[in-house]
2 protein chains.
Amino acid sequence: MARARTLPLLDAAGSCCSSVVGGALDAEDAERLARAFKALGDPTRVRLLSLIAASPGREACVCDLVDPVGLSQPTVSHHMKLLVDAGLVVREQRGRWAFYRLVDDALAALGRSLRP
Amino acid sequence: MARARTLPLLDAAGSCCSSVVGGALDAEDAERLARAFKALGDPTRVRLLSLIAASPGREACVCDLVDPVGLSQPTVSHHMKLLVDAGLVVREQRGRWAFYRLVDDALAALGRSLRP
DNA sequence: TCGATGCATCGACGTATGTCAATCCGTCTG
DNA sequence: CAGACGGATTGACATACGTCGATGCATCGA
C-alpha cells in the first residue's frame with residue numbers, strides 16, 4: 001500500500017517548529033507529530049529505544065535486543081523498521097550485523113513539542 | 001475486556017521518573033509511557049490538544065472542537081475520552097457543557113522523558 | 001412540563017497493528 | 001565453495017482502532 005512518504009520530523013533549521021501545546025496546529029503538522037508519537041505508542045518500541053540508549057556506545061544490533069524484550073527476532077526487526085521509518089532511529093549495516101542508534105535530535109524535538 | 005487500570009503518568013513526586021532515552025526501562029515504565037504516547041499517536045487527538053491550548057482560558061467544550069477537526073461529534077467525544085483516560089486532559093462538567101483542559105504536568109513529564 | 005441542546009454510549013464496519021513460523025538474502029568462515 | 005550466522009520479508013491471524021449513525025441522558029429555557 002502507498003505508505004505515505006514520511007515528512008521530516010525536524011525542519012531544516014533543526015531547532016524546530018511545531019508545539020502541541022503552544023497553540024493551533026495545522027493538519028499537516030499534527031499528522032507529522034502524530035506519526036512520530038505513534039511510533040512511541042507501543043511498549044516494546046519504548047523498551048527498544050531505552051535498551052539502545054543503555055547499550056555501550058549507545059548503539060545495539062538486533063541480536064542484542066531480542067532476548068531482553070522476549071519476542072521473536074522477526075517481530076523485533078519489524079519494530080525497528082517502524083522506528084527507523086519514524087526517524088527516531090538510524091540503521092547502519094556493519095559486516096553481518098545491523099546496528100541501530102537513536103536520533104537524539106528527533107527525540108529531543110518531539111520532547112520539546114510537549115513543552116510550552 | 002479488562003482494560004487495565006491506567007497507572008498514573010507521574011509518580012507522587014511529580015517531577016518524575018522514567019526517561020526513554022536515559023537507560024534501561026523496566027516493562028512497567030515502558031507500558032505506562034507507551035500508553036501516554038499512544039494517545040498522542042493520532043493526528044486528530046494532536047489537533048484536539050492544540051485546539052484546547054489555543055482556546056480562550058486554555059479550555060474548550062466539545063462543541064468548540066467538532067467543527068475545526070471536521071469529524072462527527074461522537075468521534076470527537078471518543079477521542080476526548082481517550083485523552084482523559086491517558087491523563088493528558090481533564091474533563092469538567094459545567095451546566096450542559098463539558099469543558100476540557102490540558103494537564104500541563106503530564107504533558108511536560110512526557111516531554112521530559114524524551115530528553116537526556 | 002416540554003422541547004431543545006450538548007454529550008456520551010452503543011453497534012457496526014473497514015482498516016491498521018502486533019505477533020509468529022517459515023523463508024529468503026547477505027556476509028563471514030572453514 | 002559450503003555451511004553457518006544475523007537479519008529482513010512474507011503470509012497468516014487475532015485483536016485493536018477510527019469512524020459513523022442512531023440512540024440515550026442530563027440540563028437548560030420557555
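Visitor: Where is the place of B:Arg58?

Guide: This is a predicted model, in which local features need pLDDT of at least 70, side-chain atom pairs count only at pLDDT 80 or more, and totals for chains, interfaces and linings use all residues. Residues are numbered from 1 along each chain as its sequence is written, while chains are lettered from A and ligands numbered from 1 in the order in which they are written. Helices (H or I, at least four residues) and strands (E, at least two) are DSSP runs, numbered from the N terminus. With elements named in this way, the place of B:Arg58 is the loop between H2 and strand E1 (59-61) of chain B.

Visitor: What is the phi of B:Arg58, and why does B:Arg58 count as partly exposed?

Guide: B:Arg58 is not a glycine, yet its phi is positive, at about 50°. A residue is buried if 20 or more other C-beta atoms, placed from the backbone, lie within 10 Å of its own, exposed if 12 or fewer, and partly exposed in between. B:Arg58 is partly exposed because the number of other C-beta atoms within 10 Å is 14.

Visitor: What is the phi of A:Arg58?

Guide: A:Arg58 belongs to the loop between H2 and strand E1 (59-61) of chain A. A:Arg58 has 13 C-beta neighbours inside 10 Å and therefore counts as partly exposed. Its phi is positive in a residue other than glycine, with a value near 50°.

Visitor: Which pattern does chain A follow along the sequence?

Guide: The secondary structure of chain A consists of 5 helices and 3 strands. Of its 116 residues, 41% count as buried. Read from one element to the next along the sequence, the pattern of chain A is α-α-β-α-α-β-β-α.

Visitor: Among contacts in chain A between residues at least 6 apart in sequence, what percentage join residues at least 24 apart?

Guide: Two residues are in contact if their C-beta atoms, placed from the backbone, lie within 7 Å. Among such contacts in chain A between residues at least 6 apart in sequence, the share that joins residues at least 24 apart is 56%.

Visitor: Which element gives the most residues to the side of chain B that touches chain A?

Guide: The contact takes 32 residues from chain B and 32 residues from chain A. On the side of chain B that touches chain A, two or more residues come from each of H1, helix H2 (43-54) and helix H5 (104-112) of chain B. The residues of this side divide into 21 nonpolar (Ala, Val, Leu, Ile, Met, Phe, Trp, Tyr, Cys and Pro), 6 charged (Asp, Glu, Lys and Arg) and 5 polar (the others, Gly among them). The element that gives the most, with 8 residues, is H2(B).

Visitor: Which residues of H1(B) are met by H2(A)?

Guide: By class, the contact of H2(A) with H1(B) has 6 nonpolar, 1 polar and 2 charged residues. H2(A) takes part through A:Pro43, A:Val46, A:Arg47 and A:Ser50. In H1(B), these meet B:Ala27, B:Ala30, B:Glu31, B:Leu33 and B:Ala34.

Visitor: What is the span of H1(B) from its first C-alpha to its last?

Guide: Within H1(B), the buried residues are B:Asp29, B:Ala30, B:Arg32, B:Leu33, B:Ala34, B:Arg35, B:Ala36, B:Phe37 and B:Ala39. Their cover includes helix H1 (27-39) and H2 of chain A, together with H2, helix H4 (73-85) and H5 of chain B. The expected span of a helix is 1.5 Å times one less than its number of residues. For the 13 residues of H1(B) 18 Å is expected, and close to this is the distance reached, 19 Å.

Visitor: Which residues does A:Gly23 touch, not counting residues up to four places away in sequence?

Guide: A:Gly23 lies in the segment before H1 of chain A. A:Gly23 counts as partly exposed because 13 C-beta neighbours lie inside 10 Å. Its C-alpha atom is separated by 9.4 Å from that of A:Pro116, 93 residues apart along the chain. Leaving out residues up to four places away in sequence, A:Gly23 touches B:Ser50, B:Ala53 and B:Ala54.

Visitor: What distance separates the C-alpha atoms of A:Asp64 and A:Leu25?

Guide: A:Asp64 is part of helix H3 (residues 62-69) of chain A. Since 17 C-beta neighbours lie inside 10 Å, A:Asp64 counts as partly exposed. A:Asp64 and A:Leu25 are 39 residues apart along the chain, and the separation of their C-alpha atoms is 39 Å.
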